[in-house]
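Dear colleague,

Please find below a structure for your review. My findings follow directly after it.

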Amino acid sequence: MGKQVTRRTPEERKAQAEALHASIADQVQQLTDSDQWRKFLDFTRSFHAYSLNNLLLILSQRPDASAVAGFRQWQAKGRQVRRGEKAIKIFGYSTKKITEEDPETGDEVEKRLTRFPVLSVFDIDQTDPIDGAEILNPVAQLTGTDDHGVLVPLTAHLEAIGWTVTTEHLNGPNGYADPEQNTVVLHDELAPEQAAKTLIHEAAHITLGHVDDVDEYRAHRGRMETEAESVAYVVAGMLGFDTSAYSVGYIAGWADGKADVVRATAARVLAAAHTIADVFTPDEIQEAA
């Protein structure tokens, strides 16, 4: 059976939002207790710990890079670098032992030469899973063809408060909010359902004030991403669609797998969720029949 549109009282909507947020912590706990999550952590921890200089090199060449490895390393992880992808150049480190004659004594002495060869690495978004390899990613893109009535009214709301919403082809992120240009950018290849969730997520960043201070966001990015995606999950649930396939893994990652971190965001998340939910008319707040 389809969805039946119902009118809820403010008290009912408040209770629904609280229940949705409480369910996030439970789902995060279940995920982080699972073998899937442990395998995923082992996968992410296996990446090389890059030096600060190399991190700066990576970000200067590919600002949206999230996980990088060499060509053969990716194959060992079950992924293949796509043909034609441009490598990210970093410096490696190696030493070579050589034997030289000491010019003063004539004795042979061993020395170690330090070398910093240029290496090629690739971001995970430049790779595809190898057929038959296990995909270790608890964050699954939403593929629904219905935007659940989100995109038009939420775009209008953001434009009314001074923001522009646009689409571009992005390498990596599903979307982002640019506080300098007051622009929200969505990836132009997202399915309508994923685009709707992403727009709610970016609207949450704006509503919560995360875009007001870029340095503050960088310093507390984990908490702020946890809050924004929690708002997206709650608002989507109030509008009748489930984003848990994407949201729970995303939130677990940014909350470091700690359900208590999710619970600690409740007051701010629920306040922002209600603010965004008020953009939609009561007839758009739905429940499954």
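Helix α3 supplies the largest share of the lining of the second largest pocket, namely three residues. Helices (H or I, at least four residues) and strands (E, at least two) are DSSP runs, numbered from the N terminus. A pocket is an open set of points on a 1 Å grid over the protein atoms alone, where a 1.4 Å probe fits, with protein on both sides within 12 Å along at least five of seven lines; lining residues have an atom within 4 Å of a point. Of its 14 lining residues, the closest to the centre are His-48, Asn-54, Phe-91, Gly-92 and Tyr-93. The lining comprises eight nonpolar, six polar (Gly counts here) and no charged (Asp, Glu, Lys and Arg) residues.

The model is predicted: local features need pLDDT of at least 70, side-chain atom pairs count only at pLDDT 80 or more, and totals for chains, interfaces and linings use all residues. Residues are numbered from 1 along each chain as its sequence is written, and side-chain values use heavy atoms, with hydrogens and water left out.

Elsewhere, three strands form an open sheet of mixed pairing, in the order β9-β11-β10; strands pair if DSSP finds at least two bridges between them. The edge strands are β9 (164-168) and β10 (175-178). Strands β9 and β11 (residues 183-187) run parallel, joined by five bridges, and Glu-168 stands opposite His-187 in β11.

Kind regards
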